[in-house]
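Please walk me through this structure in plain terms.

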Amino acid sequence: MNVITNHMPTAELQALDAAHHMHPFSTQNDLAARGARVITQANGCFLRDSEGAEILDAMAGLWCVNIGYGREELAEAAARQMKELPYYNTFFMTTHIPAIALAAKLAELAPGDLNHVFYAGSGSEANDTNIRMVRTYWAEKGQPERNVLLARWNGYHGSSMGSGSLGGMVGIHSQGGLPIPDIHHIGQPNWWAEGGSMSEEEFGLMRARELEEKILEIGPERVGAFIAEPVQGAGGVIVAPDSYWPEIQRIVDKYGILLIADEVICGFGRTGNWFGSQTLGIRPHIMTIAKGLSSGYQPIGGSIVCDEVAGVLAACEFNHGYTYSGHPVACAVALENLRILEEEGIIDRVREETGPYLKEKFESLADHPMVGEVKIVGMMGSLALTPHKDSRATFASEAGTVGYMVRERCFANNLIMRHVGDRMIISPPLVISKEEIDLLIDRARLSLDEGM
Ligand code: PLP
């Protein structure tokens with residue numbers, strides 16, 4: 001077989017890719033017809049493709065490359081760890097330095113008494129862990145009937161059987177027999193699409209109170225936990241009205257339900273603090289982490305767990321874990337990533353300098369005839385596309401068609417911006433400069449003009 005390198009013609013690479021590589025969340029026949037763009041290199045906020053184009057990555061990969069591409073220190077940390085101890089597990093009374101050091105660091109960074117880390121290889125795995133952890137916790141407390149987890153429609157928590165069930169994505173539920181039993185969903189706080197004639201604040205309260213209604217419907221003695229993203233990411237960067245989270249916190253406190261904050265996107269600086277829970281004033285018992293933990297340089301995720309839950313679990317054998325839980329190379333890379341985030345003051349810059357700058361520039365797109373709502377927190381933002389700003393109408397064509405067209409124009413203009421239905425979303429590397437923000441906005445505006 002020929003050695004496949006980036007010196008091969010793009011068309012050949014694309015043909016091999018379509019023939020042998022099944023892509024996630026893709027229609028394989030489209031790839032065969034059109035050919036995927038082959039990304040060969042990356043540096044800072046820019047990708048390069050096999051044709052030599054420089055593409056501004058306003059999605060930080062999949063919301064994960066928080067410190068930007070091309071940081072040698074992370075490659076060196078991985079190489080060092082591979083030479084010293086490339087693999088060992090922590091299953092049977094063994095441990096290793098990177099797993100210890102990363103867990104201790106995460107306990108230091110996490111708010112409140114979130115002091116205990118259970119490692120996974122991804123966000124999906126971590127949320128699967130959370131389902132079993134919550135149910136085991138309540139069973140150990142003598143309340144095994146408390147096995148129901150509540151979540152939100154249009155939330156995203158992964159695509160495994162468990163995490164895909166927690167998520168409220170209808171497209172995921174429609175394939176493969178999801179959701180698993182005893183997971184129920186409430187409405188999302190998406191005022192633009194669903195708020196009708198209510199004010200944002202009224203709608204936020206109404207949606208939060210759906211949690212209480214659901215708890216009462218199922219029976220408080222049966223509900224173990226509620227999971228939510230501080231800011232819904234994959235659902236379209238939905239920022240809840242200000243009234244929402246305080247009411248959710250009141251309800252989970254009232255019924256003694258565990259609150260799981262899925263920080264897979266919001267964690268590690270994306271909202272301008274270490275964790276989205278801090279930005280939004282939430283007090284979770286468990287946080288799901290992944291993505292920005294290693295800036296995507298290594299696959300790693302986990303759950304950061306409070307003293308009470310970890311204390312109860314400590315008395316039993318928790319029959320759960322993954323071969324790559326606490327993988328030493330992934331832990332070493334994550335530690336180096338956290339060092340860079342901290343020592344270079346990247347999160348402070350997001351909060352105080354580049355975040356406010358991005359907000360001002362991103363909000364300036366509100367004057368575009370096709371843009372309705374503009375939402376942004378730190379370095380994650382969305383534009384709702386609409387034919388009539390005042391009525392908050394959606395395009396009459398099939399949902400998502402206009403968003404898809406604008407995304408295609410962005411792609412052609414060397415800007416990676418995603419669409420979720422008719423919402424255009426961004427989540428750039430946290431190290432993006434003001435000049436790069438200007439470029440992002442220029443290319444986005446051009447693409448919107450061309451998408452009209
Ligand atoms: N949770 C949230 C909030 C996510 O956005 C994602 C992925 O986008 C996941 C969980 C799943 O993470 P992974 O893709 O690493 O399994």
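L149 touches I131, V134, L166, D182, I183, G224, A225 and I227, leaving aside residues up to four places away in sequence; two residues touch, or are in contact, if their C-beta atoms, placed from the backbone, lie within 7 Å. The model is a predicted one, in which local features need pLDDT of at least 70 and side-chain atom pairs count only at pLDDT 80 or more, while totals for chains, interfaces and linings use all residues. Residues are numbered from 1 along each chain as its sequence is written. The mean pLDDT (the predictor's confidence in each residue, from 0 to 100) of the protein is 96, and 99% of its residues reach 70 or more. For the complex, the predictor gives an ipTM of 1.00 and a pTM of 0.98.

V148 lies in strand β5 (residues 148-152); strands (E, at least two residues) and helices (H or I, at least four) are DSSP runs, numbered from the N terminus. V148 counts as buried because it has 23 C-beta neighbours inside 10 Å. The cut-off for buried is 20 or more other C-beta atoms within 10 Å of the residue's own, with 12 or fewer for exposed and partly exposed in between. Among the residues that V148 touches are D182, H184 and I218. V148 and I218 are 70 residues apart along the chain, and their C-alpha atoms are separated by 8.6 Å.

L149 is also one of the residues with the most contacts inside the largest nonpolar core, which has 125 residues. Such a core is a set of buried Ala, Val, Leu, Ile, Met, Phe, Trp, Tyr and Cys residues joined through C-beta atoms within 7 Å. Helix α14 (residues 328-343) gives the most to this core, with nine residues. The core draws at least three residues from each of domain 1 (37-70 + 345-451) and domain 2 (73-343), with bounds that come from an automatic or database domain assignment.

The C-alpha centres of the two domains, domain 1 and domain 2, lie 26 Å apart. Across the boundary, 28 residues of domain 1 are in contact with 24 residues of domain 2. On the side of domain 1 that touches domain 2, the largest share, five residues, comes from α15.

The ligand has 16 residues around it, and S122, G123, S124, G158 and V264 come nearest; a residue is near if its C-beta atom, placed from the backbone, lies within 6 Å. Helix α6 (residues 123-140) gives the largest share of this shell, three residues.
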